[in-house]
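Dear colleague,

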Amino acid sequence: MALFIRSSMSKSKLIFSLTKIITPVTSMKLSTCNLEYIITEKVGEKQNVGLVKLNRPKALNALCDGLVTELTEAVSAYDADDSIGAIVVTGSERAFAAGADIKEMLDKTYSTNLKTGLLKQWDNLSKCKKPVIAAVNGFALGGGCELAMMCDIIYAGEKAKFGQPEIAIGTIPGAGGTQRMIRSCGKSFAMEVCLSGNQISAQEALTRGLVSKVFPPEKLVDEAIKLAEKISEHSPLIVALCKESVNYAYESSLSQGLQFEKKSFYGTFATDDRKEGMTAFTEKRKPNFSNN
């Protein structure tokens, strides 16, 4: 759930109308002309990394509906762009996303939330087939922490702060905070974070398995882009299959996961890229993947 921007930051309009239909991935084209809350660009030496920067600095990148809509549409567009191999989502050095204005949820009711699907729009982020890397500097609280956990890999700046402080205002996380953290960090730590509302440092997040690596703040985004470039060197088709297999572990028992992995492994032998990759290895040359 998106939380924790104080009322002093509520000058910007924060509107949650989560009934908007997201354009299907197959027909998405990214237009930067009318973007209000994010900045997008293709980066990397080969321009094969999609960078999305949350851009509401006065509100510490508060996750209002407009921002979430632009973010999900940008990620969907990059997912459909054959020139992009991986995506990096970041904020500023001060805040990845500190949450949203509490006032926007103040008058909502159970029935309206059920009817409109409050926060359901966020689910579109986890449907991306390409790897999504969160580069987290500063605050990642409430919805900001949940957004980071929706990504496939989290890199953190040394001063990053994570947390699920919803408990302090009489509610609970609503976009995966209670579900994803336990899978990364275990029950006891997830309980502590969600029930206390305490913030955790980047180093503790690294120790607990919430993030992969920690870097100086000024180097964070560059390091995330380097990783995205490395991933983009590989076959997009095989990368998508590998991501799907790792994610399947969240939803299955070990025996089911192993069976799914084996079938996916066998399936790679029906692809041109598997043949090209193995042939290139035996011939001691760089593979030329065709995404087939």
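Which residue in β7 does I133 stand opposite? I153 is the residue that faces I133 there. Before going further, please note that this is a predicted model, in which local features need pLDDT of at least 70 and side-chain atom pairs count only at pLDDT 80 or more, while totals for chains, interfaces and linings use all residues. Residues are numbered from 1 along each chain as its sequence is written, and side-chain values use heavy atoms, with hydrogens and water left out.

The sheet is open and mixed in its pairing, with 6 strands in the order β1-β2-β3-β5-β7-β10 (strands are DSSP runs of E of at least two residues, and helices runs of H or I of at least four, numbered from the N terminus; two strands pair if DSSP finds at least two bridges between them). Its edge strands, each pairing on one side only, are β1 (38-43) and β10 (213-215).

Strand β5 (residues 132-136) is largely enclosed by the rest of the structure, because 5 of its 5 residues are buried (under 20% relative accessible area, with a 1.4 Å probe and protein chains only). It runs parallel to β3, joined by 4 bridges, and V88 has I133 as its bridge partner in β5; 4 bridges also join β5 to the parallel strand β7 (residues 153-157).

As for the lysine, K243 lies in helix α8 (residues 236-251) and counts as buried because its relative accessibility is 14%. A polar atom of the K243 side chain lies 2.8 Å from the backbone oxygen of K130.

Best wishes

Note on methods: Buried < 20%, exposed > 50% of the residue type's maximum accessible area, 1.4 Å probe, protein only. Polar contact = N/O pair within 3.5 Å; in protein donor to acceptor, adjacent residues only side chain to side chain.
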